[in-house]
Amino acid sequence: MSMLGFRYAWAFLTRLPGGLHPDSDDEISTAVGWFPVVGAVIGAITGAAYFGGVEVLDPMLAAVAVCGLGAILTGGFHEDGLADTADALGGFDRERRLEIMRDSRIGTFGALALISVTLGKVGALQELNGTEGLIALVAAHALGRTGALVLMLTLGGARSAGLGATYAADLPRSRVSAVVVLVLGVAALSGAAGSVATAAILGIAAFMAVFARRRFGGLTGDVLGAAEQLGELAVLVALSQLPDAPAWF
């Protein structure tokens, strides 16, 4: 994987300077191996903010600020996918669900999903101290995007066009598979907390694969955003519920 791919991924997943916008959809596919790395950087930025924030703010307020910061850094990219996916559940058949998903407006289901997931992340994060929160946010953001890669490897596109179809057609499967194995392997071997985080993200990926296949017939870009958000939530909740301080090494 080249640094050019990293710059494509950086521009695609964040609103921060330093990226390079791809000229075509197939160039996005060449960048997906960098998604967990971009996630780790976003996690490090938000984690550092939480680490400092809990020194001057109530943990709940620090957690709220950090969740808002994460959305600002990414332009709400994944949150938009979560909302669209939730709204699509109101459709009575596959075609209607995909039609709803294309509508940029947020409906009741979408708003409830955003509120619920955000509250869940805030509630979980405030249970962790500054150091624990920093590590947990790096893990959550990196693993959340790794879970999305698992879906890309598992599902075909729900439509003949769109981001899901692009990934299905142009994904460099061997490189992406290697990235997934590497990231999950490192996480699983990083102590008890890492094993718990890995189990959480694999559980979400499995659920989303079955859900997307049954409800939409395959993968869409919005489903990937929803998977990333649910993955973040699952990792943070799992780590916050460990009986002792998360042991990473």
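User: What is the volume of the second largest pocket?

Analyst: The second largest pocket has a volume of about 180 Å³, where a pocket is an open set of points on a 1 Å grid over the protein atoms alone, with protein on both sides within 12 Å along at least five of seven lines, and a volume is the space filled by probe spheres set on the points. Of its 17 lining residues (those with an atom within 4 Å of a point), the closest to the centre are Phe-77, His-78, Gly-221, Leu-224 and Gly-225. Please keep in mind that this is a predicted model, in which local features need pLDDT of at least 70 and side-chain atom pairs count only at pLDDT 80 or more, while totals for chains, interfaces and linings use all residues. Residues are numbered from 1 along each chain as its sequence is written, and side-chain values use heavy atoms, with hydrogens and water left out.

User: Which helix supplies the largest share of that pocket's lining?

Analyst: That is α12, with five residues; helices here are DSSP runs (H or I, at least four residues) numbered from the N terminus.

User: And α1, how many of its residues are buried?

Analyst: Eight of the eleven residues of α1 are buried, meaning under 20% relative accessible area (1.4 Å probe, protein chains only), and Trp-10 and Phe-12 are among them.

User: Changing topic, how many cavities of 30 Å³ or more are there?

Analyst: The structure holds two of them, a cavity being a set of points where a 1.4 Å probe fits but cannot get out. The largest cavity has a volume of about 120 Å³, and among the residues closest to its centre are Cys-67, Lys-121 and Glu-232.

User: Which helix gives the most to its lining?

Analyst: α4 does, with five residues.

User: What lines the second largest cavity?

Analyst: Its lining is made of Gly-144, Gly-147, Ala-148, Ile-201, Ile-204, Ala-205, Ala-227 and Gly-231, around about 30 Å³ of space.

User: Last one, at what angle do α5 and α6 cross?

Analyst: Their axes, which are lines fitted to C-alpha atoms over the stretch in contact, come within 8 Å and cross at roughly 145 degrees, on a scale that runs from 0 to 180 degrees between N-to-C directions. The contact (heavy atoms within 4.5 Å) is made by Asp-84, Thr-85, Asp-87 and Ala-88 of α5 together with Arg-97, Ile-100 and Met-101 of α6.

How values were computed:
Helices (H or I, at least four residues) and strands (E, at least two) are DSSP runs, numbered from the N terminus. Buried means under 20% relative accessible area, exposed over 50%, partly exposed in between (1.4 Å probe, protein chains only).
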